[in-house]
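Work through the exercises below with the model open beside you. Try each task before you read its solution.

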Amino acid sequence: MGTYRTQHVVVVPVKPPGIGKTRLVGVPAGQRVSLATAFATDTVAACLATPGVARVLVTTDDARFATTLSSLGADCCPDGSHGLNPALVQAVAEARRRWPGLRPVALCADLPALRPEDLAAALTIAAGRTSYVADAAGTGTTLYASSYDDFDPRFGADSAAAHAAAGAAAVPGDLPGLRQDVDDLASLRAAIALGVGPATRAALGALPVAEARDSEGPPSS
Ligand SMILES: Nc1nc2c(ncn2[C@@H]2O[C@H](COP(=O)(O)OP(=O)(O)OP(=O)(O)O)[C@@H](O)[C@H]2O)c(=O)[nH]1
Ligand SMILES: C[C@H](OP(=O)(O)O)C(=O)O
């Protein structure tokens with residue numbers, strides 16, 4: 001007999017890649033767009049390959065990129081709101097309308113080293129109560145899971161503390177690819193060390209990493 005597993009809808013917010021990932025300083029603008037696109041593509045692909053993920057709903061105002069992500073198997077809805085948390089709340093309301101039996105989870109789109117095993121493990125731990133996954137730095141959040149009724153994300157500055165203060169449980173464990181969000185070149189290097197997905201590998205192929213490193217100082221290892 002198979003094991004019962006809670007089924008989720010993972011809601012992935014994607015700022016239009018053309019205006020996202022502005023902290024990747026030293027990377028030429030065109031390549032920053034390619035990287036932002038690739039991070040989201042790899043994140044969504046990993047979600048779609050995760051046991052316990054029944055649907056992936058991308059919320060973005062980039063309609064063209066939404067079409068690309070749809071071709072991978074994601075569902076998409078427009079952002080149409082004012083900032084990350086309102087966009088998530090709106091998308092989760094839409095998810096509830098479409099799939100009332102699923103459990104909603106918000107996941108950032110800047111996780112190019114995300115592995116389905118890590119996401120599956122986190123979802124299992126987070127299935128019982130409102131929970132969050134702190135990022136590698138420990139201050140931010142990469143994942144927030146709750147019920148439809150209680151869904152109240154607090155992404156932004158110091159979001160790990162904000163989620164904890166609101167009563168959410170921190171998901172324990174290593175979960176390296178799930179925690180390693182990419183905000184700047186140092187975190188990009190850390191994700192590369194873990195192993196990034198194919199879209200990000202391809203985008204990096206065109207990136208003059210050495211030049212970008214030079215503008216930020218020597219590599220950390
Ligand atoms: N749909 C939507 N997604 C957002 C919005 N703001 C941020 N995001 C997404 O939320 C996640 C975390 O955001 P950040 O780490 O701040 O990413 P970012 O805004 O691209 O990066 P910076 O320009 O460096 O702040 C990423 O997946 C972003 O694409 C928003 O207003 N709407
Ligand atoms: C969205 C935010 O991401 P950051 O921009 O801090 O990586 C957070 O961690 O809540």
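This is a predicted model: local features need pLDDT of at least 70, side-chain atom pairs count only at pLDDT 80 or more; totals for chains, interfaces and linings use all residues.

**Exercise 1. Find which residues come nearest to ligand 1, and sort its shell by class.**

Step 1. Select the residues around ligand 1; there are 15.
Step 2. Pick out those that come nearest: Lys15, Thr22, Arg23, Asp79 and Ala109.
Step 3. Sort the shell by class. It has five nonpolar, four polar and six charged residues.

**Exercise 2. List polar contacts between ligand 1 and the side chains of Lys15, Arg23 and Asp79.**

Step 1. Use the cut-off for a polar contact: a pair of N or O atoms within 3.5 Å.
Step 2. Start with the oxygen atoms of the ligand. One is 2.6 Å from an N or O atom in the Lys15 side chain. For the side chain of Arg23, the distance from a ligand oxygen to an N or O atom is 2.7 Å.
Step 3. Turn to nitrogen. A nitrogen atom of ligand 1 lies 2.6 Å from a polar side-chain atom of Asp79.
Step 4. Check the cover. Ligand 1 taken alone exposes 620 Å², and the protein buries 83% of that.

**Exercise 3. Describe the surroundings of ligand 2 and its polar contacts with Ser159, Asp181 and Asp183.**

Step 1. List the neighbours. They are Arg23, Leu84, Gly140, Thr141, Phe155, Gly156, Ser159, Asp181 and Asp183.
Step 2. Classify them: two are nonpolar, four polar and three charged.
Step 3. Take the distances to oxygen atoms of ligand 2. A polar side-chain atom of Ser159 is at 2.6 Å. An N or O atom in the Asp183 side chain is at 2.8 Å. For Asp181, the side-chain N or O atom is at 3.4 Å.
Step 4. Check the cover. Ligand 2 alone exposes 290 Å², of which the protein buries 80%.

**Exercise 4. Trace the strand order of the open sheet, and explain why one side of E3 and of E7 lacks a neighbour.**

Step 1. Write the order of the seven strands: E3-E2-E1-E4-E6-E5-E7. The pairing is mixed.
Step 2. Look at the edges. Strand E3 (75–77) and strand E7 (169–170) stand there, and each has a single partner strand, so one side of each has no neighbour in the sheet.
Step 3. Zoom in on one pair. E4 (residues 103–107) and E6 (residues 141–145) run antiparallel and pair over three bridges.
Step 4. Find a facing pair of residues. Leu107 stands opposite Leu143 in E6.

Terms used. Residues are numbered from 1 along each chain as its sequence is written. Chains are lettered from A and ligands numbered from 1 in the order in which they are written. Side-chain values use heavy atoms; hydrogens and water are left out. A residue is near a molecule or strand if one of its heavy atoms lies within 4 Å of it. A polar contact is a pair of N or O atoms within 3.5 Å; within protein, one must be able to donate a hydrogen and the other to accept it, and residues adjacent in sequence count only if both atoms are side-chain atoms. Accessible areas come from the Shrake-Rupley method with a 1.4 Å probe; for residues, only the protein chains shown count as cover. Ala, Val, Leu, Ile, Met, Phe, Trp, Tyr, Cys and Pro count as nonpolar, Asp, Glu, Lys and Arg as charged, and the others, Gly among them, as polar. Two strands pair if DSSP finds at least two bridges between them. Helices (H or I, at least four residues) and strands (E, at least two) are DSSP runs, numbered from the N terminus.
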